[in-house]
Amino acid sequence: MARFMGYTPISPDERKLFVISMLTLNVRIQTVLDGSNQFAHRKDRMIRRLMEESPDVIGFQEVLGGMLGPIRQGMAGYGFIGLPSKRNGRGEYTAIAYRQNAVELVDSGVFWLSGQPEKAGSRFFLQSMDPRSCTWAEFKDLASGTRFRYFNTHLDHLSPLARARGARVIFRHIAQLQRRERLPIFWGGDFNFTPMAGLYSECLRQVIGEERLTDVTDAIPSTFHWFGAMKRPMKLDYIFVDEKTAGDAMEVELLRTDEGSGCISDHHGIRLNWHPGEPGREPEKAALLEAYSGSAVPAV
């Protein structure tokens, strides 16, 4: 089971024990409206932090075409997969980056959250103007030979109906791939709903094959902080795991993005360290929340 690490940094010696590491991060689009927080001013800090973390797999949200180049250039040793959400080559990439000396890319794809998932740029009628997509990849860990699938998405921010319908498109695609071959499933991203939303409960009730999904990040109260300006930050980001894999030992760590010389994003990242096949244990939720509250995002 997942063990929440709070904000306590993980030492390099501890990280040697972690077999496969994954990170989900909404990097916030480049817009001059963000002033000193726009991507052009924080990209170097963000890339430096990611390279310090060096997770095996990273699921990005809100990466625009003009942002992808600098990220790729700065992250030597990583491969990238993904497509722009719009047919004209513009829009958001739900890009997945992977450390090439840690995991091998076996298969991958992109589909759109719409009534025509294979049609590039397609969208539901009642949603924001931005098409939404999901990028997935099958990886093989080079050290252990373990194979797994990672799904990365960014659900619509305006329409609850589009969020629900988009999630169901993803359920169907996960099920289709699992029928081909059952592998451990990790589904991360910015879901644009809180744990109080009905769709959150639907995700946990969803049966894919013979398994339900588990939120291994459930001890993290909040992720969206709007560059540290929110008095009450919100939980919008998650990593869901199939219940069989969720029984393995895992550590979940919040990647703070509002510290140091300036924010690197308006969302905190979530890092997951997975020990395939190593039995986990159910954490004490009260202890986890107490550890988190000791370093909560400060009110302003």
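1. T24 is found in strand 2, which spans residues 20-26. Strands here are DSSP runs of E with at least two residues, helices are runs of H or I with at least four, and both are numbered from the N terminus. The model under review is predicted, so local features need pLDDT of at least 70 and side-chain atom pairs count only at pLDDT 80 or more, while totals for chains, interfaces and linings use all residues. Residues are numbered from 1 along each chain as its sequence is written, and side-chain values use heavy atoms, with hydrogens and water left out.

2. The relative accessible area of T24 is 1%, and the residue is therefore buried (under 20%; exposed is over 50% and partly exposed in between, with a 1.4 Å probe and protein chains only).

3. Beyond residues up to four places away in sequence, T24 touches G59, Q61, Y150, G188, G189, Y238, I239, G269 and I270. Contact means heavy atoms within 4.5 Å.

4. The side chains of T24 and Q61 are joined by a polar contact of 3.2 Å. Such a contact is a pair of N or O atoms within 3.5 Å; within protein, one must be able to donate a hydrogen and the other to accept it, and residues adjacent in sequence count only if both atoms are side-chain atoms.

5. L254 lies in strand 15, residues 248-255, and is buried at a relative accessible area of 3%. Its C-alpha is 9.5 Å from that of S222, at a sequence separation of 32 residues.

6. Mean pLDDT (the predictor's confidence in each residue, from 0 to 100) is 89 for the protein, and 87% of its residues reach 70 or more. Over residues 283-300 the pLDDT is below 50, and this stretch has 32 contacts in the model beyond near neighbours in sequence.
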